Every structure is written in C-alpha cells, then in structure tokens.
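Colleague: I am new to this structure. Please take one part and walk me through it closely.

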Amino acid sequence: MTSTRRQFLKHASAASLITGLGARASWASDMATVGKMKITTLSDGHLNLPADFIFAPMPQDQLAPIFSEFNVGSGPLTPECNITMLQDGERTILFDVGSGPGWQDSSGLLVDALDTAGVAVDDVTHVVFTHCHPDHLWGVLDDFDEALFPEAQYMMGRAEWDYWWNPETVDTIEAARTTMAVGAKRRMEAIEDSITFFDDGEEILPGVAARATYGHTPGHMGFELRSGSESVMVVGDAIGNHHVAFAAPTLLSGSDQDRETAAKTRIGLLDQMATDKTRLIGYHLPGGGMGHVERKGDAYRFVPEGA
C-alpha cells in the first residue's frame with residue numbers, strides 16, 4: 001500500500017464557511033491505494049458536542065490522566081467527520097454521506113469537498129452506510145429534500161435498517177435521541193426504492209466486505225477494503241475518538257446506544273488491527289481519520305498516517 005499524507009483540499013465556494021470555521025474547515029484528507037483502489041477521506045466538517053455526551057458514564061478519576069495527555073479541555077468536543085471515498089475506475093463509492101444541511105452549521109460540507117476532489121454528485125455510483133446517525137445519513141438529501149446522489153445505489157446492513165425502520169424505535173429509544181430516530185426514518189423513506197441490504201461477512205462489492213461492529217447502534221457495520229494482502233478497515237463510529245477509545249477501550253461511552261456491546265466490539269477491533277497491522281479509517285479520528293493502531297501497555301494508541 002502506498003499513501004500520501006494529508007493533502008489539503010480547498011475550494012473557493014467554501015470561502016465563507018472557512019471564514020466562519022477557521023482551520024477546521026481545511027479540507028484535510030488522507031489518501032491511499034489498495035491494489036487498483038484509490039481511497040480518499042473527505043471532510044464533512046466537524047461536530048460540536050458537549051463533553052458529557054461521551055464522558056458522562058465514565059469514572060472521572062480514570063479520565064483525568066487521559067485528558068492531560070491529549071489536551072482534552074472542559075469545553076465542547078469538536079470531532080472531525082471523515083467520509084471515505086473509494087474509486088477504482090468504474091465505481092465511486094462513498095461510505096456515509098455526512099449530515100447535510102439539517103444538523104449543525106459546522107458540518108454538512110461534503111459537496112464542497114467532493115467538488116474540490118473533482119467528483120460530481122452524479123459520479124457517485126454507490127453509497128454504503130455504516131449506520132443511521134445524523135452525521136452519517138442525513139446528508140443523503142439536499143436542501144430541497146431530494147436525493148443528493150441521483151445515480152447511486154444505496155446499501156445498508158439489514159439489521160441497521162430494520163432497527164430504524166421499526167415504528168417502535170422512536171418510542172423506545174432514549175429521549176435525547178428521539179430526533180435522530182425521526183430524522184433517520186424520513187431519510188430512509190426517501191431512498192427506500194433504491195436500497196440494497198447486506199449481512200455480516202458478505203462481500204457487498206468487489207473488494208468490499210461487511211463486518212458487524214454492533215453497539216454504537218444496533219446494526220452498525222464496518223467495512224474491510226481489500227486487494228490481495230493489502231487492506232484498510234473503515235470502522236465508522238465503532239472507534240469514536242483518538243483518546244479514551246484507545247487509552248481505555250473498556251470504558252463505556254455515552255455516545256454508544258448499547259454500551260456493553262460497543263466496548264466489546266471496540267476491544268476486538270483494536271486487538272485485531274494492532275495484531276494484523278491493518279490501517280483504519282475512523283469517522284471521527286483526527287487529521288483525515290487514517291492511521292494504524294499500536295499497543296501501548298495494556299491499551300492502545302492511534303498513530304495518524306505518516307506520523
């Protein structure tokens with residue numbers, strides 16, 4: 001596998017956004033090749049989250065040294081949103097589509113990133129979803145509530161679709177996530193006629209295998225992009241940050257819907273990728289999201305691409 005480190009994409013049409021968002025709006029991306037596949041991460045911007053959204057369930061005494069090491073302050077968290085694009089000459093595949101215009105002003109910037117990369121929305125042949133949270137699914141619709149990628153085939157894990165499609169979900173999900181459930185269902189209805197389902201272990205497209213990474217949501221999926229002995233693992237939100245998720249992966253995160261299952265998934269992924277030296281792309285990992293996992297004592301650390 002060959003790669004280049006953090007090519008910064010900028011586009012004139014995003015000038016007003018860049019003024020408002022500062023350095024975070026630089027279209028930071030990582031690029032790599034796996035066989036004939038070109039893999040690029042594109043920025044949808046970043047989120048603004050209260051720290052308690054992740055840290056509230058965790059023992060605060062265990063967090064203090066991690067916060068100190070990674071300079072995690074007391075203010076809101078601003079994780080990046082990294083969308084993986086795979087191109088192989090015949091296909092242009094997006095893994096998730098960002099939050100679109102209806103979530104946070106600091107995100108929903110995928111169209112500008114695509115434009116800077118020389119890709120039109122009509123060029124996208126497939127959209128593959130890790131899960132249905134707003135910053136991953138809501139960008140499937142444009143400002144007029146029409147499908148943003150009119151030529152694309154949409155693909156989602158069957159378990160994830162079934163959970164959010166279920167009319168009982170909006171009543172049984174925790175209250176703080178009700179808006180997520182309502183918004184997910186509305187967007188799923190818009191792509192219902194163009195969706196293909198898959199299950200754990202399937203090769204959903206040539207060189208793309210689905211892997212169940214349940215816990216963050218009930219049907220969350222990761223994807224192994226492989227050619228021969230080379231591979232990259234797209235982990236979505238199964239590994240949600242570069243600090244606590246690596247340094248203390250057993251701690252239960254408030255961002256996960258099934259926290260116990262998510263912790264088991266996270267530990268399994270970290271162990272496998274550290275052992276196999278597999279590159280990963282994390283949706284909310286820094287610097288474009290691509291890197292690898294190293295063991296650090298009885299825990300792990302994220303090493304960004306090129307570091």
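Modeller: Let us start with a sheet. Seven strands build this open sheet, in the order E9-E10-E11-E12-E13-E14-E15, with mixed pairing. Strands are DSSP runs of E with at least two residues, helices runs of H or I with at least four, and both are numbered from the N terminus. Two strands pair if DSSP finds at least two bridges between them. Strand E9 (203-205) and strand E15 (299-304) stand at the edges; each has a single partner strand, so one side of each lacks a neighbour in the sheet. On average, neighbouring strands are turned by 35° against each other, direction ignored. Axes here are lines fitted to C-alpha atoms, for helices over the stretch in contact, and angles between N-to-C directions run from 0 to 180 degrees.

A word on the source: this is a predicted model, where local features need pLDDT of at least 70, side-chain atom pairs count only at pLDDT 80 or more, and totals for chains, interfaces and linings use all residues. Residues are numbered from 1 along each chain as its sequence is written, and side-chain values use heavy atoms, leaving out hydrogens and water.

E11 (residues 221-227) and E12 (residues 230-236) run antiparallel, joined by five bridges. Phe223 has Val234 in E12 as its bridge partner. Helix H10 packs on the sheet. H10 touches strand E10 (208-212), E12, strand E13 (279-282), strand E14 (290-296) and E15 (contact: heavy atoms within 4.5 Å). The direction of H10 makes about 95° with that of E14.

Asp256 lies in the loop between helix H9 (244-247) and helix H10 (259-276).
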